[in-house]
Each structure stands twice: as structure tokens, then as C-alpha cells.
Amino acid sequence: MDYELPSEFDLIVVGTGVIESIVAAAASRIGKRVLHIDSNNYYGGLWASFNLDSINKLVTENELRNELDKKDLLKENETLYSVGNNAFNLKIQSQTWNLPEKLEEQNEVQTETVDAKEDVDVKVDESWTQEKLLKLSRKFNIDLTPKLHFARGDFVELLIASNIARYSEFRSVSRVLTWLNGQLEVVPCSRSDVFSSNKVSVIEKRMLMKLLTSCVDGDEKEFAGYENKTFQSYLKDRKLTGNLIHYVLYAIAMSTDDTMCLEGVKNTKRFLGSLGRYGKTPFLYSMYGSGEITQAFCRLSAVFGGIYALNQPLNGFIFNNEHTFRGVLCGQQRINAEHLVMSLEKVPQSVVDFSAKEYISRAIFITDRSIMESDKEHLTLLLFPSINGKRTCTILELGSLTGTCPKDLYIVHMFTKQYTSPEEDLKHCVEKLFYKQEESGESEIILPNILWSFYYSVPNTFNLGLKCEQLHNVYMCSGPDMDLDYDPAIAQAKEIFTSIYPDFEFLPRAPDPEEIIIEGEDNNNVLNDDNNEVEEHSDNRTEENLQTQRNID
Amino acid sequence: MEDFKFLFKVVLVGNAGVGKTCLVRRFTQGLFPPGQGATIGVDFMIKTVEVENEKVKLQIWDTAGQERFRSITQSYYRSAHALILVYDISCQPTFDCLPDWLREIEEYASSKVLRILVGNKIDREDREIPTVVGEDFAARHNMYFLETSAKEAENVEKLFMKIAEDLMQQARSKDLPRYDSITTNISGRTSSISDSNCCSKLT
Amino acid sequence: MHGRLKVRTTEEQQLLKRKEQQKKLIAYRMGMKQILDSRKPVNPDIYTLWNYRKEVALLEINSNINIEETEKLSNFLENELKLTEQCLLANPKSYSSWHHRYWILEHNPEANWKKEFDLCTKYLTMDDRNFHCWDFRRLVLNKVGITLGDEIKFSTDRININFSNYSSWHYRSTLKALTEECVEDELTIVKSALFTDPADSSAWFYLRWILSDPIVNTEHKEDLLDNLNQLLEIEPDCRWILIAKCWLIQDLHADKSNYVKEQIDCYRKLEEIDLLRKGHYSDKLNKLLSAN
């Protein structure tokens, strides 16, 4: 690009993950000069969405830079720190096609796969090939970090309150499933679900409704004596049947056998409180993928004057002798700023004295039919409970109506806390959903075929308590977390914003275009009766207005 | 209920400095803002026009400066009904970049989006791109073509009216990308969604 | 840098709004004038005007009936339909507009009943509480070849989405007479509603309608009484359960003394929890006590 970046800012944000983008938006919104850069040529970092072609070519290593020959741009008492580290990268375990490359070579390739894989009897719909899928590459928006939004959660409320909602569209999750007694079951989550479910008896309907009501409305008395007991024991004492306990504990409260009672109640409230706002379930999903979310915040930042530059590798961070942030080296240019906010993976290697203690096992599949077929396309959340010592898994199935994959295909996301490896941790879910089981050999259900699979793990850096003790005016943003929604991300962004700008409101409502007065359009003009006439004179006034405007600046 | 029957989202792209903002402001406010500098805080401009006695509301989105370092968000292109690609007839590089812009449009915008190529600044004496070259490029890429001057208000009204008319016609023949049928609006108000197959927009 | 963005103050906004309103008022008055000029009813509930239109329509129909110009007539009728559409947009619960629409359709030999029926489906999906539309649907139903099964399914779907709706339960009750085969199903669906939310009155009315049908036999009723007792155990303070229990006991065991006692208990409880209707329950009690 021929344009040169301005060289003075209030805040430089490096990396376009969700937290970084929210901070950038909030700072621009209150009139701070923000430079937001990313070395990638796409928005979102580890929170991005990719088309099929790009996700296959995903680069996970950071290019580390420290160009010492630029020393002449430094002042006497300043030091240059390198940019980036490789301590928090995404780790790809495997990326596999279960499809022939092209139709002609089908026979050849199939024999190859037979050799490589033990599942010989997996028959793939012959019409799909790698070539065909890659031709549709752009119809895919595959999330690295898929998220759902509670209809009354912090995220949705923030979007509405700040008027950022206008940049995105959402689809409601149409069903919540669980795995019960060896098969998939729809979880009755709303009043009408409970009514229409034929899986629960009439007495169970009443018991379930009564329990849900008392979780929402119940005061301390209701849960007295359960402070040190599990949610499961509370449910058992309420004389709920086994199936009902399963629905409430594993699905609605998204809990486990060990979850404490009050925690379970809190989760239940979070779920039920978001019902009835936008659809049949409490959840929304962002159209075209979760990667759109960071972009919405970046757009707001840009609208309020934030400068955006993707594909812009930095050559170093500049600090003075007191370890206070001074600026960055960007190409041949020195750019000064007061504060620095950056993604964890951009933190100088020399400063990283901590490492991820926990990883998230993730998998993405492209399949040729839904895990539970129905007469219409569903957007499904499956909460897979812990079985046989395996941890609970969260599974999301997206169809073409979400704008994330072509027609007749589905994208399935799975994630869980890492125990051994992504493939190992998720194996039991994959087997149950995609491979026929021996004992139910006679069942007529046709299971989906996996056409493409991608196993990877990302560090869960959320609870690292990121504080940069040795450097001043520097703030680090953690990567993706395990939460279903963005609640922890929003909390962290808000915390960073408040520590930089303690006296300012966090993302106040952005005005609608109708409310804004633009130079040249004076109050009197607007209120004048005949608009056309006024516009004749307004050109003269524009100059003056612009002048005053600049003076204020 | 607001008093318009159709609402269309029109987005502008093209290199920095080709006059995108000026085109929008000339059309929506009837003025030509002198000097540079993006208007802070303005997301899009609205103008309601009348086509065949029907009120059509055009929501015109500008790039918010993100084009300067090729950093336009993909979401900017989503759910656009029409896309105006602008170059400066007195500046060859802005024309040379058109294929890059087309690639981006192909990638992120709906395939049904109405595309218009606009050569702006015809008031300038130092033309570098002859009209026929622009015309030719537009024809090859199946775009409608127009040369304009935001400064002299030439063809600006015509440009947007043409868009409104075309989109109306498409809407009537149901050939428009139908975003509404699949999305939900999220708003502060509680909306009761029955059994809709729909998605939402939070407004 | 702060304050670069100028936003209108509330005062300015109000001023603007007032101006907007004035503009709208003028536009409105102009519109009114146009409407009155073309003698279209401004208030869709002035039935005299609708009747006048019907007379004009009859003239039009009779004068065109033998002529080849069917297009002219169908245009005329189509315009009448459009008019009712406009009126229904303004007031979706206008009796006269709904009636006029049906009347016009009936007088049109080429009426597109299927389209009308689909419109009903669409409308009810958006607002399932407009009983006018439910009634209209019932009329239209007879004109299109929809199977009873499909219509029952539509009704079930609407109820599944929201069972707190008198209109959809009532519509269901008009669809068919209960038969041996379906009575179980109907009892199941209504029980589901009662148990899901016993405080919601709509399904209790549907239950009362089912019970009024002689096809519901003693066995059904005994079963139901058992269910109600179970429900009462969980929800001892719900008046609807107590009332329904009294219906059933009265019906099944009017003169058995132990059941009379149970009825008396129910009414005593009702007196306590439903003060608004205390007199009614006392009256029932007195009758029971004096009879035994």
C-alpha cells in the first residue's frame, strides 16, 4: 500500500481476536486514536472463520521478528523487544479427507484409504469428491472457535446496548440434544417442549416444570442445606426420575455429577433466563460464522476513527529504560502510542514466563447428513454427557442455513477439555454419532459420513491471570476459552478498557445515522421548513464548520 | 411501522480517495464536502426515494476507511443488495486495482448482488482512463457502468435511482438475495418468534 | 478529540419529531381526502358502507355474468379483496372486513380458495390468537380439498407451539366429532397441557368439551380422576384441578357418600383459595349438604 500509517496514537492494538477487537472498539468509541493491526491477512486470529481452502492451509507457527538493523529509529534510552512467541499456538493433530480427490481416480484412492483406515465398510456418497468440495470452498465459513450466544447473555445485551447489533445477523439454535440410553434425545427446554414431548410422562411434565420454576424463582430457602452438596443430590431429593435428572443436570444446567448445587442452579437460571426471546431455545448463532463477531467490533472501531491494517507484521516493540511502552516498529516506520494491547501470541518471547496449563481438544467435521435427521434443517447443540470416564463434550451441528457450509452438507464442531489428545478425547462421540455400533446392527438409521475431519488443540489461557509485571502500559488478551458464549471474553475486555481509561463508559450506545449532525448540515437547516432552499447556502457554511470542527480536535 | 416498502443495503468499495464518501453525501445530503477526512461515527447514510409510487429506502454503507490498508471486514459485504465499485478516472492506479476488488467481492458478497462500476471525478481535466476503457471493463465483468462527478452532481442521482429501480424490479420478480427470510433481528424488544425457520438481526 | 461526534440533543430531536409529525399529519390528511374521495371506507367497521359495496358488487356481478368479459369482473373482485386486505392491516379484528372478504370470495366463481387457505396458515403462524382468522379458516376449509388429517396436524402444531390459546383449542374442537380411535389421543394431548401448566385455563376448557361427549366412557373418566388426584398431590392449591375433580365425581359417583365427602372437601378448599368465587362454591356446598 502506498499509504503510510500515522505515527502517533493513543492506543495500539496488536492482533484481532475477540478481546482485542472489543477493546479497540471501546477505545475508538470514546474518541481515542486507535491503531489496530494484525500480521495475518484475515481478522480474528484464533477466533477466525475460514473457507475450506484456507483452513486446509492454516499456518500455526508465528513468524518471530526482531529486526535489529532498525536501531536508528530508537532513542538513546530505549530498547527493542521482539514480537511474538510460539508458546500459545494452535496445534494441528490431523487433517484428513475421507473422499477421493477426483471422480476418475476414485478406485485408486479408495484402495489407499482402505489400507490406511480400519473402517472399510464406511461408504461415502459417491457424488462428493475433494475437488467438488474445494470448488465450493467459499461457501464454507469454518470457525476455529465456534460460539453460541445466550439470548439474554452479556454478549447479546452488549451488542444491543452499544448498537453494534446492526452489523450482524443471527440464527437461533433450533434444538438441544443429549445422549441418553444409547441414543440422541431432544431435551425439552421450554414450556412448549415439555408439553409436546412424548418422551416424558404427564407426571414427569409437572415435576420438570415445577423444578425449573423453582430454580428460576426459588429464594435461598429453597436451596438451604445444599451449599455443600451437589446439584445432582438436590435433583434426586426433589424426587425427579432418572431421565429428568439427565435432562436437567447434563443438558439444561450443562453440569456434571460433581457440580455443586448452587453452581447448577446458576447454570439453570442462565439457560432458562434466555428462553423465549428469539426462538425455541436460549441460543443464537452468528450467521456466516463466529468469525464475524470480531469484525463487527472492528467495524465499529473504524467507524469511530480506528485505523485498520491487516497483513502488517511488526518488527518490534519499543520500551524505555523504565520498561514503559513507547511505540512499535512497523516496516520502516516508528509509531508511538501510550498504551499497547496485544494477543497473547504476540507477547515478546523474552517476557513469556508462563505457559498454558490446560488445552482444549477440538474437532471439526464436514458430514453429508445430520446426526439426527428431520424434515427441516436444524441448528443443533448437543451436550454429550460424561460417560465411561470420558469428559463432557459440547457439539454443534451447523447446516447451510447458517451460511457456513453448502447445501446438503453439515459442519460439526466438537470440543472438550483436553485429557490426552483431541482424537482420543472425542473418539467416543465420533463413534457414537458417525459409526454404526455392533449391538444395534439391525437398526435402520443411516449415520452421517465424515467427508473431512480436522483435529486440533488450543491452549486454554483464560485462567492464567495475565498481568505483565515487568512492562508498563501493556495489556495481554487471552485466547479462546471453554465458555459456550463470550461472557469471559467480554469481562476481560472490559477490565482492560477500564484499567486504561478508568473514567470512561465502556461502549456506550453508538448513535443511529439519523441522530448524527454532519458538518454542513446545521441544526437550523434541519429545522428549517424548506430543505431544498437551505441546501443552496449550506456549501458556504461547510468551510466554517469544518474549521471549527478542526479547532475542537 | 415505518413508511417505506423496500429497504435495500448498498455498499461502496474502491481505493481510498476515489470519492466514495463524496458520492454518498452528494446523493443523501446534496452537498460536496470539501477537504479530506472521514466523518467520524457515521456508519451509513439513508435516503428514501420514490420508484413507481413506492417508497424505497436506501441504506448506503461506506468503508469507514478500512480500504486504505486493504482491511475491509468480510461482514461489510454480507447482506448487501447492491455494490458500487468506484475508481477515479484521473488516477490509473485506482483503476488497476479493480480486479483485486472484484476478487474480494466474489469471495464475500452474494453472487446475486447488483454490481455497478463507477468512474468518478469526471469534472477533472486530467483524465487518465478513457470512458470506453471503463465501459469495456464493466461489460467484461457483467456490471452496469456509469461515470459521475460528485463535485458537479453529475449522474449521482441517476446512479442511485438506477440502483433503486433495478432492485425494485428484482424484488418484484423475487430474484433478490432474500436475506430476511433466513435471519432474525435482535432488538431490545422481545420478539416472539413462533416456529420460524428464521434468523435474527439484533437492532 | 473528545466530542467529535455531534449528536442531536433531546430538544432538537423533539423539535424534529414534532416537525416530522406535522409532515405526517399533512400527509395523513391528504390521504384521508383521497380515500374519502374514492368512497372507500375509512373505518372498516361501518357495515352500512360494506353493505353498500356488496350491492354495487352484486350489480357488477349480475351485469357481467353472461358476458364474455370475465376479466373485468375478476379484476373488480380482486380489487375488493385488496380493499379488505388494507382494512385488515389497519384492524385485523374487523368483523365487517373479514365478512366482506368471504362474501366476495363466495360470489367469485373463480375464487382461489387454496391461496386463501395458505394465507390463513401464514397469518396464524404469525399471530395465532386472532379468532377471526381461525373462524375464517374454518369457512375456507370447506372449500379446499384439505384432508382432516392434515388439518388436525396443523392444529396440533399450533398447540405444540403455544398451548395457552383458547382459539386453537376451540378450532380443534370444531374439526371433528370424537371417535373411539381418537379419544385416547385427545385425552393425552389435553392431559399433557394440564400437567405442564395446571394454572393455565385454556386446556381445562378443552377438557370440559371432551368430557361432554358421550364417547368418553367411565373407564376414561376413572383414569382421568386418578391422574387429577396425582396432580393434586403435586399442586394442592390449584383451583382448576379441584373444579375438574368435582365435575368428574359428580358425573361418576354423584350419589356415593364417600365421594360426596370428597366433593365437599374440594369445595371447602376452593372457598379458601379462590376468594373471588367464594359465593359460587358456598352455593355448591349448600346444595351438596342439603341433598345428603
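Student: Which residues of helix 1 of chain B meet helix 5 of chain B?
Tutor: Leu23(B), Arg26(B) and Phe27(B) in helix 1 of chain B meet Val156(B), Glu157(B) and Phe160(B) in helix 5 of chain B. Two residues are in contact if their C-beta atoms, placed from the backbone, lie within 7 Å. Helices are DSSP runs of H or I with at least four residues, strands are runs of E with at least two, and both are numbered from the N terminus.

Student: Where do the numbers and letters come from?
Tutor: Residues are numbered from 1 along each chain as its sequence is written, while chains are lettered from A and ligands numbered from 1 in the order in which they are written. This is a predicted model, in which local features need pLDDT of at least 70, side-chain atom pairs count only at pLDDT 80 or more, and totals for chains, interfaces and linings use all residues.

Student: Back to those two helices. At what angle do helix 1 and helix 5 of chain B pack?
Tutor: Helix 1 (residues 20–29) and helix 5 (residues 156–172) of chain B pack at about 85°, with their axes 9 Å apart. Axes are lines fitted to C-alpha atoms, for helices over the stretch in contact, and angles run from 0 to 180 degrees between N-to-C directions. Helix 1 of chain B is therefore roughly perpendicular to helix 5 of chain B. Angles of 65 to 115 degrees count as roughly perpendicular, under 35 as roughly parallel, over 145 as roughly antiparallel, and the rest as oblique.

Student: What classes of residue make up that contact between helix 1 and helix 5 of chain B?
Tutor: It has 4 nonpolar, no polar and 2 charged residues. Ala, Val, Leu, Ile, Met, Phe, Trp, Tyr, Cys and Pro count as nonpolar, Asp, Glu, Lys and Arg as charged, and the others, Gly among them, as polar.

Student: What is chain B built from, in helices and strands?
Tutor: Chain B has 5 helices and 8 strands. Along the sequence they follow the pattern β-α-β-β-β-α-α-β-α-β-α-β-β. Of its 203 residues, 45% are buried. A residue is buried if 20 or more other C-beta atoms lie within 10 Å of its own, exposed if 12 or fewer, and partly exposed in between; the C-beta atoms are placed from the backbone.

Student: What is the mean pLDDT of chain B?
Tutor: The mean is 83, and 81% of the residues of chain B reach 70 or more. pLDDT is the predictor's confidence in each residue, from 0 to 100. Over residues 178–182 of chain B it is below 50, and that stretch has 4 contacts beyond near neighbours in sequence. Residues 188–199 of chain B are also below 50, with 24 such contacts in the model.

Student: How many helices and strands are in chain A?
Tutor: Chain A has 15 helices and 21 strands. Of its 553 residues, 47% count as buried.

Student: What about phi at His323(A)?
Tutor: His323(A) has a positive phi of about 65° although it is not a glycine. Most residues other than glycine have a negative phi. His323(A) lies in the loop between strand 13 (316–320) and strand 14 (325–330) of chain A. His323(A) counts as partly exposed because 16 other C-beta atoms lie within 10 Å.

Student: And what is phi at Ala153(B)?
Tutor: Phi of Ala153(B) is near 60°, a positive value in a residue other than glycine. Ala153(B) lies in the loop between strand 6 (144–147) and helix 5 of chain B.
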